Amino acid sequence: MPITAALALLLALSAPSRAADAPLLEVQSRRVILPASFMPVTSAAITAPLSLVVEAGSAWDSPGVLERVLGKASAIFGRCGVALGEAEVITVRWTPEGLRRLNVTNPYAGPAQIAVMDDRSLPVRRPTGFLFGRSVPSTASAYNVSSVDALAAAHPAAAKLLNTFWITIDQEQRRPSDFAPTYSMAAHELAHLFGDLPHTPASPNLMTDADSAGAKSGDLLEKQCVEIRRLRGL
């Protein structure tokens, strides 16, 4: 075989390995947001810490944004006797390879997010929220016990997504008529994890699937609070 042909073959065989080893993200900073910075003193008996992976340069990365989001969500859960605890925040810049994986839609491989979950820079603590600008397809989703069990039958690697939630900034910023002022997208996704809560036709409610005016709110039923207090997502 000519040398040039052998070299081309060697490069072709090594390309997948290089892509597999390519870094998926670059950590820009790490910090901890303490509850005192986003909520008043509370008598909630249960505290739920969490982790957040924030895309650098996105609106989530602006000063005070995470504190406002966490404060609103914590106020909703406070009605159930649960308060959000400290938030470990990792601000990252996703590499082209990381974004490529997150933008791949392949129904035979399961959710695209599976492909980035082995990165060692990601936090171990659960629940973990992944917050993006507009670099990935628009989403507001959570992977709780029920959804992961359903996915894992066809895609065993989906277990890596357990107790994570994913929100793009356009989902957080949109305010259609069915959103009441008390509604919180982050609280909605966290409630999926904490209580393994499904959607409900009841409205106004945090978990409603109704689309009438003001249907999506910060309200929770006592039976939902009972499930949230179990904190299955921790």
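**Entry 1: Ser217.** I checked accessibility first. Ser217 is buried, at 2% relative accessible area; buried means under 20%, exposed over 50% and partly exposed in between, with a 1.4 Å probe and protein chains only. This is a predicted model, where local features need pLDDT of at least 70 and side-chain atom pairs 80 or more, while totals for chains, interfaces and linings use all residues. Residues are numbered from 1 along each chain as its sequence is written, and side-chain values use heavy atoms, without hydrogens and water.

I placed Ser217 in the loop between helix H6 (185-194) and helix H7 (222-228). Helices (H or I, at least four residues) and strands (E, at least two) are DSSP runs, numbered from the N terminus.

Which side chain makes a polar contact with the side chain of Ser217? I found Asp219, at 2.6 Å. The Ser217 side chain also reaches the backbone nitrogen of Asn205 at 3.3 Å.

**Entry 2: Arg31.** I found Arg31 in strand E1 (residues 25-33). Arg31 counts as partly exposed because its relative accessibility is 37%. Leaving aside neighbours within four places in sequence, its contacts (heavy atoms within 4.5 Å) include Leu66, Glu67 and Glu88. The C-alpha atoms of Arg31 and Glu88 are 6.1 Å apart, though 57 residues separate them along the chain.

**Entry 3: helix H2.** I then turned to H2 (residues 65-78), which has 14 residues. Ten of these are buried, so H2 is largely enclosed by the rest of the structure. Among the buried ones I noted Leu66, Glu67 and Phe77.

Note on methods:
The expected span of a helix is 1.5 Å times one less than its number of residues. A polar contact is a pair of N or O atoms within 3.5 Å; within protein, one must be able to donate a hydrogen and the other to accept it, and residues adjacent in sequence count only if both atoms are side-chain atoms.
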